[in-house]
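Dear colleague,

I am handing over the structure we spoke about, with the sequence alongside. Please look through it first; my notes on what was found follow below.

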Protein chains: 2
Amino acid sequence: MAKLANLKTAEIEKISHLDYFNIAVSVDCVIFGYENKELKVLLIKSDLEEFTGLWSLLGDLVRTDEDIESAPYRVLKERTGMDDVYLDQVHTFGNIGRHPSGRVITIAYYSLIDIKHHKLKLTHNELHWHKVNEIKKLAFDHKKILDRSLERLREQVMEHPIIFNLLPEKFSLRELQDLYQAILGVGLDRRNFRKKIAHKDWLIDLDEMEEDVPHRPGKLYKAKSQTQKKQTKKKTSQPEARSLA
Amino acid sequence: MAKLANLKTAEIEKISHLDYFNIAVSVDCVIFGYENKELKVLLIKSDLEEFTGLWSLLGDLVRTDEDIESAPYRVLKERTGMDDVYLDQVHTFGNIGRHPSGRVITIAYYSLIDIKHHKLKLTHNELHWHKVNEIKKLAFDHKKILDRSLERLREQVMEHPIIFNLLPEKFSLRELQDLYQAILGVGLDRRNFRKKIAHKDWLIDLDEMEEDVPHRPGKLYKAKSQTQKKQTKKKTSQPEARSLA
DNA sequence: GATTTAATGTGTTGTAAGTACATATTTGCT
DNA sequence: AGCAAATATGTACTTACAACACATTAAATC
């Protein structure tokens, strides 16, 4: 372990192994779900004395033999049993004092899963879904991580077809709109919303109707897969003057 | 160092210190500059045998007694002598094999500095500015880091007044447009560009003119500071239905 | 079976932003 | 004086966004 990064060699060799291998690396997952028109996040009771009574995100130390991208998948798999999940790296947090037991930096990921579809072991774990809106305080710096992740989700959800990971396979436009509203925290005009979604080329009309609803049933849609995209589009937009907005 | 992250206590205690403190943490800085209508990045000759002849980003291991956000500032200060720089975290890279000497994950930052304004010790360091467009290969996974940082810069530069960090204090609209074009890699219509910039409330008209240019001189502007923003604006837009575009 | 309720499913119109494009003006240079 | 190379600004067309109204459908109730 002679040379690391871009330090000059002489500089490095004065440094013992332990001087630099003193930072632990963890991942934390902000697992979003959606239920009853509310955005939720999966939390676990903190097992640290310093944080008794507080909830925290699901995380784990990164193993020395796994890519960091693999770590959040492993956490998700272990905790929810799901392994085909949407995951996106948000930010890395590493202030000196963020972990009471030592120097631990954490790489935050957010994940979108369909609450109904997973099989949590909610019983023996102290694992619960919490309404995002009602969370005031979390263990560690996890509230800050949550806030940042929600901010990122709000940015992403506008431009990328990821929101469907929070819904069952078939859904109506009303359900989709309710979900957008829950995430963005605003009300949307139904007619404008539908127009905007319609020309995004994200949906497939299933020619099926909602059932067991106490009103006129709406049409059901499912998300178009990546490969199904842009088949109806006339041409690919060629590189031209990009907007500055 | 008994309990870490959210592992169950029993699980933790089987694990020795060295099992988990085996990952080193570094930061790498993608330092962007602008010169001769071209976007450039500051690189150093790699001092690793595996990468002889290749260039790499400026980086260093994170010290155990500094916040991770402080590390890139330290690197910038050491290498360029500048300490009032724009820095933004981009992404954390941590594949197992990314560093030939051991397990090192790196947190990437990009920085925007005014090439003319800093005082590099370009002589005794093997430090040089490279045109971003012409970079094909770098040491480590630094090409991937560069690509990702440029992508982020392109996103940010549209919506936030950060581009001015690449320019001298006073600049003309043509210089600004050239810079946008260099970053975005596209041509922009001069008249539309000016209109768009004009209503962004980012500039102060200095009532000065360019000098020593071999053509009609343009007006000079400087960037409006954050506190000077929105004074001319009529009202703050209140929370309403957010766009989905 | 007629009425009420609570949704779905369009359509229109005004405004703001984006795009393409043309002409006159100012300075330095020869 | 005339040319070269920019600045500076305006207009018409088109597309996206926001606000808003009405007819339709199915289930539940009377």
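To begin with one position, in which loop of chain B does Ser101(B) lie? In this predicted model, Ser101(B) belongs to the loop that runs between strand 5 (86-93) and strand 6 (104-112) of chain B. Ser101(B) is classed as partly exposed because 15 C-beta neighbours fall inside 10 Å, whereas a buried residue would need 20 or more.

Turning to chain A, you will find six helices and 10 strands, and of its 245 residues 31% are buried. Where contacts in chain A link residues at least 6 apart in sequence, 64% of them join residues at least 24 apart.

The largest nonpolar core holds 104 residues, and the members that touch the most others are Val30(A) and Val30(B). Beyond its neighbours within four places in sequence, Val30(A) is in contact with several residues, among them Val41(A), Leu57(A), Tyr110(A), Ile145(A) and Leu146(A).

One sheet in chain A also deserves a look: three strands form an open, antiparallel arrangement in the order 8-10-9. Strand 8 (171-172) and strand 9 (203-209) of chain A stand at its edges with a single partner strand each, so one side of each has no neighbour in the sheet. Strand 8 of chain A pairs with strand 10 (residues 219-223) of chain A over two bridges in the antiparallel sense, and Phe171(A) stands opposite Tyr221(A) of strand 10.

With best wishes

Technical notes:
Residues numbered from 1 in each chain as written. Chains lettered and ligands numbered in written order. Predicted model: local features only at pLDDT ≥ 70, side-chain atom pairs only at ≥ 80, totals over all residues. Core = buried A, V, L, I, M, F, W, Y, C linked by C-beta atoms within 7 Å. Buried ≥ 20, exposed ≤ 12 C-beta atoms within 10 Å, placed from the backbone. Contact = placed C-beta atoms within 7 Å. Helix = DSSP H or I, 4+ residues; strand = E, 2+ residues; numbered from the N terminus. Pairing = 2+ DSSP bridges.
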